[in-house]
Amino acid sequence: MAPIPITIVTGFLGSGKTTLLLNLLPQLRATNPAYKLALLKNEFGDLAVDSQLASSAAISGVQELLNGCICCNLVGQLSVALAELADTQRPDRIVIETSGSAFPATLAIEVNRLARETGGRYVLDGVVSVIDVENWKGYEDTSYTARIQARYTDLIVFNKWELCDERRFDDCLDRVGDLEVDVPWVRSDKGRVPADVIFGIDGGLARALTGEEGLGADEHAHGDGQDEHKHDHQTEVEVLSVTLKGAKGAAVDSTKLMALLKAAPKDEVYRIKSVLTASSTVRDSGDDESLPTPPHPPTRYILNWAFGRWTFTALAGGEGEHSSSDEIPLRMTLILARYESAKWKKKIEDGGLLELEGGGKGELVVSKIA
């Protein structure tokens, strides 16, 4: 059997990793309708959101690693998850999409180790890092992880540059150049990059990583680097888990939810991910708000919010819903800047931001999980 190629897709929160992946599948299927692309997705918190988007887009198989970092405390689960995808799906390729906090060098070392230990069942094709040009200046200054993701990679995809002027892009390119790396790069077309670019890279850097490179503690090669790793990237963000329960068929107050999405400041809130029920119209950011909003039967939606922009994707009849949301009126993960979780926990618990339709408070639980 030929080895299964593995591509690692990394990048800071909200950079557009999942969008990049979902734009690859139609290209692959156009060339080969039987092409099987499998996904191993690592998400912040205890709610599977991006993986449900992938499932709804006909990704052949999806495995989730929740509530931890795939390059440290979840690394031991990598072997089992890859083996299950390989055995059950027999995919043409596996993509590992990190949570936004993973160090790509460490993950590449682990995949290369598994490739050796399984007698060549896998081969690491390369590491792709996605950079959000619009917001890079804001998070690059505060996130050590974002810089390391851009440094240890085989290809950089510059995303979300269309609404920026050329100077913003040049500044971003210069800052990446300050990392003293010579990595090929490409600009996406609204999250789309040709599949043969993503999967045709020379992954020599990634495949050469074996754990014997002498990476410093600040670059996290495990061992002596564990404490530095924990300080540098596991504490860069804080995560809240929100559950709003109600009677069977209960829906979220869409007006209050939309107000929260519009008001959340992107220097405090990096990501909002949710699975929810709504019976009145919810709108993507930028939609025409003058259009009428007639009520409709309760519908399950996936909400994906990043740096002030968001989309709602309907889950037809809740089909394929992950057990982490389990048709509860609202399950939400908020990924926040450091030191913001206590304030946002209190704001949500004080009421008025997340409520059930018709004025019902429901059973609201807000927990800090990281």
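This is a predicted model: local features need pLDDT of at least 70, side-chain atom pairs count only at pLDDT 80 or more; totals for chains, interfaces and linings use all residues.
Student: How many aromatic pairs does a search of the whole structure find?

Tutor: The search finds 5 aromatic pairs. One of them joins phenylalanine 158 and tryptophan 185.

Student: Why is the pair of phenylalanine 158 and tryptophan 185 called edge-to-face?

Tutor: The ring centres are 5.5 Å apart and the planes make 75 degrees. Centres within 6.5 Å make a pair and planes over 60 degrees apart count as edge-to-face, so both terms apply.

Student: What makes phenylalanine 158 count as buried or exposed?

Tutor: Its relative accessibility is 1%. Buried means under 20%, so phenylalanine 158 is buried.

Student: What does tryptophan 185 count as?

Tutor: Tryptophan 185 has 41% relative accessibility. This value lies between the limits of 20% and 50%, so tryptophan 185 is partly exposed.

Student: What makes tyrosine 301 and phenylalanine 312 an aromatic pair?

Tutor: Their centres lie 6.0 Å apart, and the limit is 6.5 Å, so the rings pair. Their planes are 80 degrees apart; over 60 degrees is therefore edge-to-face. Tyrosine 301 lies in strand β10 and phenylalanine 312 in strand β11, and both residues are buried.

Student: Over which rings does the charged end of arginine 187 sit?

Tutor: One is the ring of tryptophan 161, with the charged end 4.5 Å from its centre. Another is the ring of phenylalanine 169, at 4.3 Å.

Conventions
Residues are numbered from 1 along each chain as its sequence is written. Side-chain values use heavy atoms; hydrogens and water are left out. Rings of Phe, Tyr and Trp (its six-membered ring) pair if their centres lie within 6.5 Å; planes under 30 degrees apart count as stacked, over 60 as edge-to-face and the rest as tilted. Buried means under 20% relative accessible area, exposed over 50%, partly exposed in between (1.4 Å probe, protein chains only). Helices (H or I, at least four residues) and strands (E, at least two) are DSSP runs, numbered from the N terminus. A charge sits over a ring if NZ of Lys or CZ of Arg is within 6 Å of the ring centre and within 35 degrees of the ring normal.
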